[in-house]
There are 2 protein chains.
Amino acid sequence: MANPLTPDVLVDPVELTRALVDIESVSRNEKRIADCVEEVLRQLPHLSVERFGHTLMARTELGRAQRVVLAGHLDTVPLNDNFPSTVVDDLIYGCGTSDMKSGVALALHLAATLPDPRFDLTYFFYEAEEIEGKYNGLKLVGDAHPEWLAADFAVLLEPTYGVVEAGCQGTLRVLVRTTGRRAHSARSWRGVNAIHAAGEALNRLQAYAPRTVTIDGCTYREGLNAVRIAGGVAGNVIPDACELEVNFRFAPDRDEKGALEHVLEVFEGYEVELTDSAPGALPGLTAAPAREFLAAVGAEPAAKLGWTDVARFASLGIPAMNYGPGDPLLAHAPDEHVEIGRIRDGAATLHRWLAPEGTQD
Amino acid sequence: MANPLTPDVLVDPVELTRALVDIESVSRNEKRIADCVEEVLRQLPHLSVERFGHTLMARTELGRAQRVVLAGHLDTVPLNDNFPSTVVDDLIYGCGTSDMKSGVALALHLAATLPDPRFDLTYFFYEAEEIEGKYNGLKLVGDAHPEWLAADFAVLLEPTYGVVEAGCQGTLRVLVRTTGRRAHSARSWRGVNAIHAAGEALNRLQAYAPRTVTIDGCTYREGLNAVRIAGGVAGNVIPDACELEVNFRFAPDRDEKGALEHVLEVFEGYEVELTDSAPGALPGLTAAPAREFLAAVGAEPAAKLGWTDVARFASLGIPAMNYGPGDPLLAHAPDEHVEIGRIRDGAATLHRWLAPEGTQD
């Protein structure tokens, strides 16, 4: 099958978005889109290209003082009667339009059209972001070839609706367990009710006042929430066990250890087991390329509230931000779409930032 | 197969217990034991006999001023490597020894050996007590032939280890529901956490001071307990629903309506749905046959804390008590057994109570 990513398409980020959307690439089915992108990259003489699985890395070697990463995942969530793309007025509809083939299109368009950027650039087009973390192409590259990730600053072209989202919250989950003693409920005083004992843990959650933390002008709102509760043996038995799952979303001024210590303090007196943890990422707005990026976008950054792959860069000491044309509220929605104007704005902004000095618009 | 309930066996309640235990009669398999019992009953000229399914009713028609029911179920829980019976010293081991073929033996022994009781007697040997209520032989007879149950007093020969347990607690179950609004847990302030909202309901349960009520010298301890809790959507979603199942065991001075009103009061402000309700039974110790029965046993009655078929009689206005030789703590246990001495004591006590005036031991 001919590669739809032709030179004519590559020069137009809007056409390129449609062409990428129309290559179906639900997670674990990224081979074809990776093949098409690889073919494009290998024809560009200013880039050296590596492939790892269905993840592509392409970089300039211009000897610039600083290196910037532009990264986007090639996969999408499952189709939902929204393939291939359709255009209605100035909107492109289809699976992946927002999350995040319009972002990938910006990076691939730059790779094809900007041979002499003012910073050295590393492009990542990676697989399997939408599924279990162990398949994530950026994670796999980081494990196998950490040197490929080396940079002074990174931009993930995830949907942010044209604003800059800096850093990200950390997240951890714990199980808070209560125990008791079974008894027939007709003789309940012989037992100890483990569900009743969970009430005090819920009180602490209900009374919890989450912090709001401002770092480099970005405001992070924390949250400590029960996400699941389960207990009970039978309709006539005093339950001897209850399990409460709690999710803590924490500002990036806490590391994972500090965040866990805080949760253990909140649930002092309870049995608490950590089941899941991922660090946050500081916004990192002070690096020179970051400051220039913000100047090019011309807007103050906002805090990223979810967890994204920026944390992978942050954990390597590389400041990273999210910036993309898609609307994050439309990600994974059946009516997912992207505004054509925002794709063009995004391309212009990145060009303004990355074009050689003296040549910017 | 010959009927093992021979005249020689019927005169000895201990031998009769063993013979009944050795007719396997796990619930829904009561045909053979019912056939054997029916054959015995129909040979007794002082009894008129009716059968409904595998439930037998046999009654004297002596024109006595008062009528007493003696009742026992013929079925057992599933066998558990405890069939047929074995005897070790003064203990008979086997499925149903305690619950409740030793009790059935007392009634059948009396039916066979006491042609002229001082009260008119109605014997019930019924099927399917150990399974879902809709199969219960006493319930089925009550629905189809309520006049068969007519009496002034009833004794269920359920295991009580030789004490009299009077009346029984009522029981009801409700679902207490909380609702909220889903949101991504990274933006928890946009949601409302339904699990947190359940905390206050658990506080009320934890703080609840159950009544202890004494009626006719019997002490009933109430209990209001969570028996199940469930809530949660996913590890990253603020839950919009939580469901708490609560069981209220109430003293028989409350009727079902009053008990529900009390529970609704406790959970004022919450959505509460009644899912299950059964009335309690007052001890009813004032009827003449009841007073004479207690005198024959020679001990104060205790409150029955679980729910038993005595409530079926109570709901018809018939005072009812539990009294049997088995140990209730051994019911349904693999090492279920009964003390031979308690069978003999029970037979002597019932004889003392029911033999014609002037002939008691």
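Biologist: Where in chain B is Arg28(B) found?

Modeller: Arg28(B) sits in the loop between α2 (13–21) and α3 (31–42) of chain B, where helices (H or I, at least four residues) and strands (E, at least two) are DSSP runs numbered from the N terminus. This is a predicted model, in which local features need pLDDT of at least 70, side-chain atom pairs count only at pLDDT 80 or more, and totals for chains, interfaces and linings use all residues. Residues are numbered from 1 along each chain as its sequence is written, chains are lettered from A and ligands numbered from 1 in the order in which they are written, and side-chain values use heavy atoms, leaving out hydrogens and water.

Biologist: Is Arg28(B) buried or exposed?

Modeller: Buried means under 20% relative accessible area, exposed over 50%, and partly exposed in between (1.4 Å probe, protein chains only). Arg28(B) is exposed, because its relative accessible area is 52%, and it has a positive phi of about 80° although it is not a glycine.

Biologist: What is phi of Ala128(B), and where is its place?

Modeller: Phi of Ala128(B), a residue other than glycine, is positive and near 60°; Ala128(B) lies in the loop between β6 (120–126) and α5 (137–144) of chain B. Ala128(B) counts as buried because its relative accessible area is 0%.

Biologist: Which residues of chain A does a cis peptide bond join?

Modeller: One such bond joins Phe83(A) and Pro84(A), with omega of about -10°, and Pro84(A) lies in the loop between β3 (67–73) and β4 (86–88) of chain A. Another joins Asp99(A) and Met100(A), with omega of about -5°, and Met100(A) belongs to helix α4 (residues 97–113) of chain A.
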